[in-house]
Amino acid sequence: MKFFKPDYEFDHFTDLSLQLLKENNIHAIFSDLDSTLAAHNELGDDEFTKWHENLEANDIKLVVVSNNSQGRVDRFTKPYNIIGYGRCNKPLPSKIRKIMEEIGVKSSNSIFLGDQLFTDVTCGKLLHMKTVLVQPLGEQHEPWTVRWKRGLEASIKKRW
Ligand SMILES: [Mg+2]
């Protein structure tokens, strides 16, 4: 089950530090939205605002790639002027590959951030990016389908 193992595991997105990004020569972060950057349906909080300002100041692009609706993505991204795409069909890599071409970044300079193994980490791996798995934010408010998948994830993690 090593295929699913992310390169990094952190508690929170703010643990993805500038130092790590610079050491890996990362120019773009492709990030999941729900339970990764905010709890379901929530907007960015102060911690997110600060973390994002720091990325911007260092010329690291944050691109939100969600399987949720474009409306949900827009509500989160617009206040920050972040590029964001809904209905990405993760773990399938095709839509995100197109986005990478559009904004002109390579896999070797990109990292994938998310809270789910089967959608986020798998998608990042199919795109040949480094991957970061974070603990889900606001887990108690997640839909049952997501909670069910977390059980499967836990059994895979036990084996790496
Ligand atoms: Mg998520």
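## Contacts of V64

Leaving aside neighbours within four places in sequence, which residues is V64 in contact with? In this predicted model, V64 is in contact with S31, L33, V73, F76, T77, I82, G84 and Y85.

V64 also belongs to the largest nonpolar core, which has 28 residues. Along with I29, I111, F112, L113 and V132, V64 touches the most other members of that core. At least two core residues come from each of β2 (28-31), β3 (61-65), α3 (70-77), α4 (94-103), β5 (110-114), α5 (117-126) and β6 (130-134). In soluble globular proteins, nonpolar side chains tend to be buried together.

## The sheet

The sheet is open and has six strands, in the order β1-β6-β5-β2-β3-β4, with parallel pairing. β1 (8-10) and β4 (83-85) each have a single partner strand because they stand at the edges, so one side of each lacks a neighbour in the sheet. From one strand to the next, the twist averages 20 degrees.

Four bridges hold the parallel pair β2 and β5, where S31 stands opposite L113 of β5. Helix α4 packs on the sheet and touches β2, β3, β4 and β5. The direction of α4 makes about 155 degrees with that of β3.

## Pairings and crossovers of β3

β3 runs parallel to β2 and is joined to β2 by four bridges. Across this pair, A28 stands opposite K61 in β3. The two strands and helix α2 (residues 46-57) make a right-handed β-α-β unit.

With β4, β3 pairs in the parallel sense over three bridges. V65 has Y85 in β4 as its bridge partner. Here the chain crosses from β3 to β4 through α3, again as a β-α-β crossover, and this crossover is right-handed.

## Helix α5

Is α5 mostly covered or mostly open? It is mostly covered, with eight of its 10 residues buried. The buried residues of α5 are L117, T119, D120, V121, T122, C123, G124 and K125. These buried residues pack against α4, β5, β6 and α6 (144-157).

An α-helix has 3.6 residues a turn, so residues three or four places apart point the same way. Just after α5, H128 takes a positive phi of about 60 degrees.

Technical notes:
Residues are numbered from 1 along each chain as its sequence is written. This is a predicted model: local features need pLDDT of at least 70, side-chain atom pairs count only at pLDDT 80 or more; totals for chains, interfaces and linings use all residues. A nonpolar core is a set of buried Ala, Val, Leu, Ile, Met, Phe, Trp, Tyr and Cys residues joined through C-beta atoms within 7 Å. A residue is buried if 20 or more other C-beta atoms lie within 10 Å of its own, exposed if 12 or fewer, and partly exposed in between; C-beta atoms are placed from the backbone. Two residues are in contact if their C-beta atoms, placed from the backbone, lie within 7 Å. Two strands pair if DSSP finds at least two bridges between them. Axes are lines fitted to C-alpha atoms, for helices over the stretch in contact, and angles run from 0 to 180 degrees between N-to-C directions. A crossover is right-handed if, with the strands pointing away from the viewer, the path from the first strand over the helix to the second runs clockwise.
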